Every structure is written in structure tokens, then in C-alpha cells.
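The tour moves from one selection to the next.

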Amino acid sequence: MLYQPWPWYISGPLIALVMAVLILMGKRFGMSSNLETFCSIGGAGKFTDYFKVDLKSRSWNLLVVLGSVIGGFLGAHLLSPNPAVQISEKTVTKLNELGFESAGTAYLPTELFSMEALTKPSVWIILLVAGFLVGFGTRYAGGCTSGHAISGLSNLQRPSLIAVIGFFIGGLMMVHIIFPLIFGS
């Protein structure tokens, strides 16, 4: 069971259970708040008031980051006997046409995330622009996808519903319009 993706009827209730415990404890879940905490630990509060936060109240969330890193490593190196990703043949064909020969064989496209790819200036530009846009969008939306989609929707927050709808619209635009413009021939 550990070597396969878990079905929704197991993972969904587990997420709901974790969210119920967090709500009862008065905590919120989200990964982007950890970036604020790391910036605060690094001394960013000396330069802007935004990063002047109570680090003790956020320290529990740093364990989530540690668990994500350890869990990701264990999942990728010990619990994934087959690195192939189950995506439709139509999607694999379309990605192959855009130059992604690793489509369906790896979770991350090696054309962007391999050590060889990092020698290309175009890849650096794409990753830096994308990183900036994700960071700006996260700050502008007041949280990340996990914070809004899991924690915010669990708390029935209207701004989170609006943000999640925006995430889906942005994702569809990226996949169907912008992605082919960037990588198309």
C-alpha cells in the first residue's frame, strides 16, 4: 500500500482529520507562511515590519516543513519503485511535441530540473520569472494553494474560495495558453 498512490477515500479523510485537529488547536496550515518565518529567522524584520512576527507561535509549522522534506525524500527514494507518472497518452504526446521527452517517465521534467538543464540561460530565466510570479502571487493572495485550498476552505473562508477559483483559472491559462507559447516551436 505504501508503494502506490492512496485513493481519495483514504487520503481525503486523513487530510480532514488533520484539519479538524488544527482548527481545534487554533492553528492554520499553509506552506507560504513558513517562508515568512524563515525570512524572520534570517533577520528580515530589521528591514521591514512585515517580517516582525512572533517566532514561538510559528515554530510548530517549521516541523511541517521538516516533515515535508523528510517525507519527500523517503517517498522519492524508498517508496517509489517506479518513477513513471501515470498521465494520459494524449498528454504525453503533447508534451513530447513541446520538447519534453521525459513526459510520463519522471515527476519533474528533466528538461527543466536536471543539472544539465541548469547550464542553459533560458531555463534560469524561466525558473526565476516563475519563482518571482509565484512569490508575488502568494503574497498578493494572502497565502498559497495549500493554505487557501486546505485550511481556508476548511474554515469556510470566502477569500479562500475566491483564491482557489483564481488558482484553477490561472492553472488552466498556464497549461493551455502560456505553456505552449513558451515551449512551442
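Start just after H7: select Leu156, which takes a positive phi of about 60°. Helices here are DSSP runs of H or I with at least four residues, strands are E runs of at least two, and both are numbered from the N terminus. Leu156 has this positive phi although it is not a glycine. Is Leu156 buried or exposed? Its relative accessibility is 77%, so Leu156 counts as exposed. The cut-offs on relative accessible area are under 20% for buried and over 50% for exposed, with partly exposed in between (1.4 Å probe, protein chains only).

A note before the next pick. This is a predicted model: local features need pLDDT of at least 70, side-chain atom pairs count only at pLDDT 80 or more, and totals for chains, interfaces and linings use all residues. Residues are numbered from 1 along each chain as its sequence is written, and side-chain values use heavy atoms, with hydrogens and water left out.

**Select H7 and H8**

Pick residues 145–154 for H7 and 158–183 for H8. Two packed helices are described by the angle between their axes and the distance between the axes. For H7 and H8, the angle is about 140° and the axes are 9 Å apart. Axes are lines fitted to C-alpha atoms, for helices over the stretch in contact, and angles run from 0 to 180 degrees between N-to-C directions. H7 and H8 are therefore oblique to each other. The classes are roughly parallel under 35 degrees, roughly antiparallel over 145, roughly perpendicular from 65 to 115, and oblique for the rest. H7 and H8 cross in a left-handed sense. Left-handed means that the near helix is turned anticlockwise from the far one by less than a right angle; right-handed means clockwise.

Now show side chains. On H7, the contact is made by Thr145, His148, Ala149, Gly152 and Leu153; on H8, by Pro159, Ser160, Leu161, Ala163, Val164 and Phe167. Contact means heavy atoms within 4.5 Å. By class, this contact of H7 with H8 holds seven nonpolar, four polar and no charged residues. Ala, Val, Leu, Ile, Met, Phe, Trp, Tyr, Cys and Pro count as nonpolar, Asp, Glu, Lys and Arg as charged, and the others, Gly among them, as polar.

Which helix H7 residues are buried? They are Ser146, Gly147, His148, Ser151 and Gly152. Their cover includes H1 (8–24), H6 (121–141) and H8.

Bring in H1. The axes of H1 and H7 come within 10 Å and cross at roughly 60°. H1 and H7 are therefore oblique to each other. Their crossing is right-handed. Look for Ile15, Met19 and Ile23 of H1 against Ile150, Ser151 and Ser154 of H7. The contact of H1 with H7 has four nonpolar, two polar and no charged residues.

**Color the annotated spans**

UniProt, in an unreviewed entry, places "transmembrane region" at residues 6–25, 60–79, 122–141 and 161–183. Select 60–79: the span is 90% helix and 0% strand, with its end C-alpha atoms 26 Å apart. Residues 122–141 are 100% helix and 0% strand, and the end C-alpha atoms lie 28 Å apart.

**Zoom out**

Finish on the protein chain: eight helices and zero strands. Its C-alpha atoms fill a box of roughly 50 × 45 × 35 Å along the principal axes. Of its 185 residues, 19% are buried.

Definitions and conventions. UniProt positions are given in the numbering used here, feature names are shortened, and annotations may be inferred rather than shown by experiment.
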